[in-house]
Every structure is written in structure tokens, then in C-alpha cells.
Amino acid sequence: SLRQPKPSSMKKHFYILVLLLITQLMVNAQSTNPSDFTLYSVSDSSKFVLSENKGKYVVLHFLLKTECPYCMRHTMDYAINADSLPDVVQVFIKPDAKEELEKWTAKVPDKALEKFAIYHDPNAALAKKFKIKGGYDFHNETINFPALIILDTTGKEVFRYIGTSNSDRYSFAQLKTKMKELKAAN
């Protein structure tokens, strides 16, 4: 007759299998960011390609759709202070239609645009890949929440801040502190 495994042995194997499945699900849940992507600027002729920025920290600023005064203030604050983080690539991203973006960038002072291009994320596709939740009503449109995501020198997400309203942003001072922490940990 065939020997059946002892119930305690079966239970042990079952728990190991469950633990392995949970671990894999956790790894998959944490790996939300795409390995590479390209964004095209609406403020100049440049493009941003993540794989071309390996070896640098990259900060993705997902700005709100529509004309947002908080987005303008946020962008200007970073433009004014950017020189104090010269080794960090700042990427400003808006999901508006191209025509709306061109109107919005026309209001951004040239000094800011010299430091930062404004990149287009059609239909918030990249925001969705990064699993930035949507459903926020702003000027009669449903949009993604404002967000800041930090990618390390390999392109892996190491920090995210998702705002809860159009005025809830991660300040430059907070970013400067966070960058010191991240670099000290490496």
C-alpha cells in the first residue's frame, strides 16, 4: 500500500506554499513602475527617456490636468530651488491635451522652462502604469491625484507621495530632506 504523508507534514508543506505565494504577490505589488518609458516635451523639442538617465535619481512630478495654480506654484518652487539638487533629474508631467498644455506652458516663465521641460502624459497613461489613483474631481473632470515619485539610480521606485487634493504637494524642502536620506542609505 502507498504511504500517505503525515498530516503535520502536509500542513507544513501547505504553509510553505502559501507563504511562497504571498511573497510573490507582495513582490509583484511592489513592482508597479515600468522599466522604461519615453515622454515628449510640449515646452521644447526635448524628450525624456528613463533608460538614458540610469545612474541618476529621477523625480517624477505628476501634475494635475487642467489649469492648476497649485501646479504652477509647485513647478516654480522647484525651478527656483533646483540648483541645490543638481544631481537629481526633475521631470514635470501633465496629462492635458497637447493644445491645453501649450497654453499652460505659455504661462510658465521662461526661466523655469529653461530648467525644466513640461512633458506630456497622454490620457495619464504613465500615471496609470505607476498606479496613481484617479477619481479626483477637479474643474468638472475626473483626474489622477497629484503625485511625486522618486526612482533610484537603477530606475526602481524608492519613494512616492500621493496628494489628497490639488493643493496637497510634496514641497521642495521635503524632497531635499528625502534625497539626503536616500543617498545616506546607499
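Residues are numbered from 1 along each chain as its sequence is written, and side-chain values use heavy atoms, with hydrogens and water left out. Because the model is predicted, local features need pLDDT of at least 70 and side-chain atom pairs count only at pLDDT 80 or more, while totals for chains, interfaces and linings use all residues.

Helices (H or I, at least four residues) and strands (E, at least two) are DSSP runs, numbered from the N terminus. H6 takes in residues 172–185, 14 residues in all, and spans 20 Å from its first C-alpha to its last, close to the 20 Å expected at 1.5 Å a residue (that is, 1.5 Å times one less than the number of residues). Phe172, Leu175, Lys178, Met179 and Leu182 of H6 are buried, where buried means under 20% relative accessible area, exposed over 50% and partly exposed in between (1.4 Å probe, protein chains only). Down the axis of H6, these buried residues fall within an arc of 115°, so they line one face of the helix; the arc is taken from the directions from the helix axis to the C-beta atoms. Turned away from that side are the exposed residues Ala173, Lys180 and Ala184. The buried residues pack against several elements, including helix H2 (69–81) and strand S8 (147–151).

Next come the cores. A nonpolar core is a set of buried Ala, Val, Leu, Ile, Met, Phe, Trp, Tyr and Cys residues joined through side-chain atoms within 4.5 Å. The largest has 29 residues, and Leu175 and Met179 are among those with the most contacts inside it. Elements giving two or more residues to this core include H2, S8 and H6. Leaving aside neighbours within four places in sequence, Leu175 touches Val59, Tyr78, Leu85, Gln90, Ile150 and Tyr170, contact meaning heavy atoms within 4.5 Å.

As for charged pairs, the whole structure holds four salt bridges, each a side-chain nitrogen of Lys or Arg within 4 Å of a carboxyl oxygen of Asp or Glu. One of them joins Asp87 and Lys183, with the closest N and O atoms 2.3 Å apart. This pair links distant parts of the chain, 96 residues apart: Asp87 sits in the loop between H2 and S4, and Lys183 in helix H6. Also in H6, Lys178 and Glu181 meet at 3.1 Å, N to O; being three residues apart, they are separated by about one helical turn. Lys178 is buried at 17%, whereas Glu181 is partly exposed at 43%.
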